[in-house]
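User: I'm new to reading protein structures. Could you walk me through this one, feature by feature?

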Amino acid sequence: TIPDTMWTMTELYYLELNDMPKMSPSTIPDVITGLAKLENFNIIEIPMYGSIPPSFISQTQNTLEEFYLDSLNITGSIPTSIGDIQTLKIFNLYRMNYMSGSIPTSLYTLSQLTSFQLWYNPNITCTLPTDYTQINKLALLFLRDTPLLQGSIHTSIGSLTNLYGLFILDSPLVTGTIPTELLSLTGMLYIQFDNTPMITGSIPSCIYLMSQLLILSFNATKMTGTIPSTVGYLQDLEFFRAQLSDFTGSIPANVYNMTSLLGLQFSDLEYLDGSMPTEIGTMATLTVLHLYNLPQLTGSIPTSLNGYSSLSILNMYNLPQLTGTLPSELGSMTEVEILNIVNTSLHGTIPTTLDSIIYLDTLVLQDNQLTGTLPSSLCALTHLTFAVFIENNLTCYANCLFGNQYFYVDSGLNYCPGRK
């Protein structure tokens with residue numbers, strides 16, 4: 001257990017209690033008389049109760065630099081006097097299920113603040129800053145699963161020249177648009193708006209000014225407009241997602257010229273149209289590609305897929321206007337582990353080259369217009385554990401041997417038994 005004398009220590013500089021769920025429960029005292037030299041207060045996943053008393057702020061206001069609470073049982077709210085800690089650099093609250101009240105806006109006056117993070121605090125109210133100029137050293141703004149978070153991103157965010165990460169996730173009350181002033185922050189690495197259904201506006205065409213971006217994600221927003229071709233100039237970008245938004249127009253062809261991209265997702269975009277770019281298979285670094293629930297996307301799967309030397313996951317489903325055949329070049333993607341092509345207008349036969357995808361674990365070719373026989377060469381895929389071919393016009397080799405996998409074909413066809 002934590003001794004009561006800890007709260008009276010006068011020479012303690014660093015306090016970190018981390019991941020000790022079997023520790024005997026302890027309670028923060030109502031009045032704290034020590035900790036006057038404390039610089040770091042990191043309490044993570046231990047059975048701690050009580051609340052943060054105002055005396056904690058008054059005792060540490062000249063020294064405290066890091067305030068980090070994670071998965072504790074403490075109640076109450078953050079004292080408004082926390083704005084008196086002029087030395088504070090890091091303020092993080094993670095998974096504080098029992099705390100309530102509001103995050104004091106006095107935090108936004110702390111000129112040394114570099115990190116402000118809230119994650120899964122269901123009962124805490126917070127309003128986004130209306131003036132970032134006083135916290136112009138802020139480098140990371142991470143706000144996730146704090147459903148009572150509200151406000152919009154103020155244009156003064158452009159004053160945060162040290163900002164590298166902006167994350168607003170699972171925050172249904174946040175409103176407004178992405179201010180163009182944000183684009184002046186050329187050192188940004190991460191921009192992520194996920195499950196922010198009241199965020200509107202469009203992706204600025206001058207997004208390319210943020211040339212160091214690694215992650216750019218817009219998921220479950222009300223954003224509109226086209227996806228600008230200038231996204232393709234972000235040569236350091238590793239992950240791009242456009243999902244569950246109201247974007248229009250087509251997928252820019254030069255998106256596929258990004259030489260560092262590892263993950264790419266266009267999905268649940270009702271108004272996105274145009275044809276599947278022929279350049280889709282030219283990204284040698286790509287490991288994950290998601291194209292699904294795009295009802296207006298036309299064209300066919302291009303043969304350039306043989307350029308995907310590193311791809312491990314390919315999802316193409318609910319693309320009803322995708323036509324043509326399954327190209328034999330699919331077999332060139334030898335690192336693929338999950339291949340799902342579902343609910344398209346593809347026809348023709350299943351290419352025998354799929355047996356070259358030696359690490360394939362999941363193969364789902366459901367609800368297409370495929371014909372012919374199921375290639376017996378698929379039996380050579382020793383890593384295959386799940387395969388679905390239903391809702392096609394296939395026949396099945398009765399001697400196709402599979403071992404202990406889930407293997408589904410249409411009920412009227414020959415059954416492919418497990419390996420004997």
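Analyst: Let's start with an open sheet of three strands, in the order 8-10-12, with parallel pairing. Its edge strands are strand 8 (126–127) and strand 12 (174–175), each of which pairs on one side only. Before we go on: this is a predicted model, where local features need pLDDT of at least 70 and side-chain atom pairs count only at pLDDT 80 or more, while totals for chains, interfaces and linings use all residues. Residues are numbered from 1 along each chain as its sequence is written, and side-chain values use heavy atoms, with hydrogens and water left out.

User: What counts as a strand, and what does it mean for two strands to pair?

Analyst: Strands (E, at least two residues) and helices (H or I, at least four) are DSSP runs, numbered from the N terminus. Two strands pair if DSSP finds at least two bridges between them. In general, strands of a sheet pair through backbone hydrogen bonds, either parallel or antiparallel. Here, strand 10 (residues 149–152) pairs with strand 12 in the parallel sense over two bridges. To spot one, look at G151: its bridge partner in strand 12 is V174.

User: How many bridges join strand 7 to strand 9?

Analyst: Five bridges join these parallel strands, and strand 9 covers residues 140–144. Look for L118, which stands opposite L143 in strand 9. Strand 7 also runs parallel to strand 6, again with five bridges, and there F91 stands opposite F116 in strand 7. Strand 7 (residues 115–119) is mostly covered, with four of its five residues buried. Buried means under 20% relative accessible area, exposed means over 50%, and partly exposed is in between (1.4 Å probe, protein chains only).

**Rings that meet**

User: How do I read aromatic pairs, and how many are there?

Analyst: Rings of Phe, Tyr and Trp (its six-membered ring) pair if their centres lie within 6.5 Å; planes under 30 degrees apart are stacked, over 60 edge-to-face, and the rest tilted. A search of the whole structure finds 17 aromatic pairs. Take F56 and F67: their pair is tilted, at 6.0 Å centre to centre with 55 degrees between the planes. F56 sits in helix 1 (residues 54–60) and F67 in strand 5 (residues 66–70), eleven residues apart, and the pair links distant parts of the chain. Both F56 and F67 are buried.

Now try Y68 and Y94, an edge-to-face pair at 5.5 Å centre to centre and 70 degrees between the planes. Y68 is in strand 5 and Y94 in strand 6 (residues 90–94), so the pair ties together parts that are 26 residues apart in sequence. Y68 is buried at 17% relative accessible area, and Y94 counts as buried at 10%.

User: Which residues form one aromatic cluster?

Analyst: They are W7, F41, F56, F67, F91, Y108 and F116.

**A cavity and some cysteines**

User: Which residues line the largest cavity?

Analyst: First, the idea: on a 1 Å grid over the protein atoms alone, a cavity is a set of points where a 1.4 Å probe fits but cannot get out, and lining residues have an atom within 4 Å of a point. The lining here is I178, L182, L183, I191, I203, P204, I207, M210 and F218.

User: How many disulfides are there?

Analyst: A disulfide is a pair of cysteine sulfur atoms within 2.5 Å, and by this rule the count is zero. As for individual cysteines, C126 is buried, with a relative accessible area of 1%, while C206 is partly exposed at 25%.

**A backbone angle**

User: Where does D367 lie, and what is its phi?

Analyst: D367 is in the loop between strand 21 (362–364) and strand 22. Its phi is near 60 degrees, a positive value in a residue other than glycine.

Technical notes: 1 Å grid on protein atoms, 1.4 Å probe; cavity = no way out; pocket = protein on both sides within 12 Å on 5 of 7 lines; lining within 4 Å.
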